[in-house]
Amino acid sequence: MKELINEAVPRTLERIPRNVETVWLFESLSARRDTERAARDAGRNLRVRSAYKTLLHDVLEDGLLVGATSATIHYPVVDGCPDDRFRLECYPLHALCAGCDIRFEPRVHHGDGLPDYEIETPEGNTRVTVPVRWTKACDGSPVLAACGWQADRAGQGHPLETEFEYIFSRVCATMAALPLDPLNPDEPDGPVYFDRLEIDVVIPAADQPLAVGHECISLAEALHEEIYFASLEIFRHRLGLPAGARAVTFGQVIPRITVGKTPHLRMVLSHSDPVSDQDRGGRPDLETATTWLTPSEIANHLEALPGVPYHVISRQGRIVSGRYVAGTGNAMLAISAGQHPNETSPMVGALRAAHALADEGRVGFTINPLENPDGYAVFRELCALHPRHMQHAARYTASGADLSCGGGLHESAIRTRALEHLPASVHLNLHGYPSHEWVRPLSGYIPEGFGQWTIPKGFFLILRYDPREETLANSVLRAALDSLASFTPLADQNRRMIDMYDRYVSSRGFQIHAGCIPFTTHPEADPGYPVTIITEAPDETIFGEDFRIAHEGQYRVVRAVAEVLEQQ
Ligand SMILES: [Zn+2]
């Protein structure tokens, strides 16, 4: 183990300059209110606003829409940013202001001053200023970042660096300076430079759940996302790979953000221990499951299937198992789950469908129920801190690459094994995405490369196909869409999410089936199979009835596609 940094970080809230009348900080409402009260008791007039989602906080905290039945929010459109950026920052305001009909109107921001919103109601207009500053991403490209800010009595303002921003920039600088000494230079899929980089951060702002879906104001989650995706960007840039490349191998980055009064940062290079996270679960009922399965529960359900087992070994030494089950008919299906193991409903739906198909015996199939167990170990580790966060650091393999870019090595070989057992005509690649807003406030707000997924829009399907198989592709897609649209709880949930989505995103990048199931189609085949359906359940990270709906959706898609193949 090698310690890189271990330092306490001064809390900006405790060091507000004397001459300041208003500050914008990354702090929870209660801490900001306590500071205002203490200042008042000391005879000082001080307002402490939120530097994060400022419009949303100002409207709620100042009661700007109380009593209003309608409002138009003119949001700034800033040159160099996506048009919807400041509109998205308002999400999910309309649902928190019941009785007020909110419309959004873009307004081009001119000049060098801070952008602002204008809230127009029949009672009058209010302006809300947003503290932001231009910074640079690791590749030098400009980024408009949320920032701390201070303003004096005369209204003169300038940035005030907060612990939240300091910690992020310190982590990025440390990652950018880590020596690129390969642990093993001869690794065929590209060397990694560390096994685990653990980043333990304490920030003061506690999560604040909102009374809308799974929404929660969480600076801890935002910082986790910032650090994890910055690590990908930094190492990609250092290794000369293009933006968005998913084959970057450098090691496993694990940002663990906790909440406490005293901000702190510790970075340590360490090693994985696959033995320490083993569990001994049973075989819980899948149909009624309301929480994600442990690895042993997944293994036990797989073990109970008939057929031919196959396995490979993950990068960190965990067993990755699959099963080939022969059918009496000609239909052939491949089922994958757990490529991105912070997406938790696929494992349940895949196993349940596999058991149903095996019981019937007609359809031949392969199932890989947990393709990326190293990522799943990180997911479980992170869920111990924040069970409902999206945990994207668990998304890729232990090398840092997406499993689909693993070059057929380690865990990515499980796809090759499945294909060797059965050249299926359709691959069902089951996935999920965030159940609540996904942001990067310090890096342009909208996650780079994932702009489509920033707020949930329901259970979603993606079709990829070889154009020569267009007829088959369309018929399995149609069956999958119908199976979801006829599942009333899921269709209702989708309609609610799409209604929210449409209020904050000005153009849809997808089609909608039966008014409730979004989908996209792409005439390019994924490797190995002529037709692939990727499911996307808003399941990061959910429990209870919503979890049941998500895995039921996964199950229904597999069953519906199998039925079409049987009729071919
Ligand atoms: Zn995924």
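Start by selecting E343: with 2% relative accessibility, this residue counts as buried (buried means under 20% relative accessible area, exposed over 50% and partly exposed in between, with a 1.4 Å probe and protein chains only). Before going on, note that this is a predicted model, in which local features need pLDDT of at least 70, side-chain atom pairs count only at pLDDT 80 or more, and totals for chains, interfaces and linings use all residues. Residues are numbered from 1 along each chain as its sequence is written, and side-chain values use heavy atoms, with hydrogens and water left out.

**The zinc ion**

Now show the zinc ion together with H340, E343 and H431. Its protein donors are H340 (ND1), E343 (OE), E343 (OE) and H431 (ND1), at 2.1 to 2.3 Å. Donors here are N, O and S atoms within 2.8 Å of the metal (3.2 Å for Na, K and Ca); water is not among the atoms, so sites may look incomplete. Along the chain the donors have the spacing H-x2-E-x87-H. E343 sits in the loop between β19 (332-336) and α8 (345-360) and H431 in strand β21 (residues 426-434), so the pair ties together parts that are 88 residues apart in sequence. Helices (H or I, at least four residues) and strands (E, at least two) are DSSP runs, numbered from the N terminus. H431 is also buried, at 5% relative accessible area.

**The nonpolar core**

Next, select L65, L93, I199, L333, L461 and V561. In the largest nonpolar core, of 160 residues, these touch the most other members. Such a core is a set of buried Ala, Val, Leu, Ile, Met, Phe, Trp, Tyr and Cys residues joined through side-chain atoms within 4.5 Å. Domain 1 (166-270) and domain 2 (295-567) both contribute residues, so the core lies between them; the domain bounds come from an automatic or database domain assignment.

Move to E61, in helix α2 (residues 54-61). E61 is buried, at 15% relative accessibility, and its side chain makes a polar contact with that of R32 (2.7 Å). A polar contact is a pair of N or O atoms within 3.5 Å; within protein, one must be able to donate a hydrogen and the other to accept it, and residues adjacent in sequence count only if both atoms are side-chain atoms. Then pick K53, in the loop between β3 (47-50) and α2. K53 is not a glycine, yet has a positive phi of about 45°.

**Last stop**

Finish at Y91 and P92, joined by a cis peptide bond with omega about -5°.
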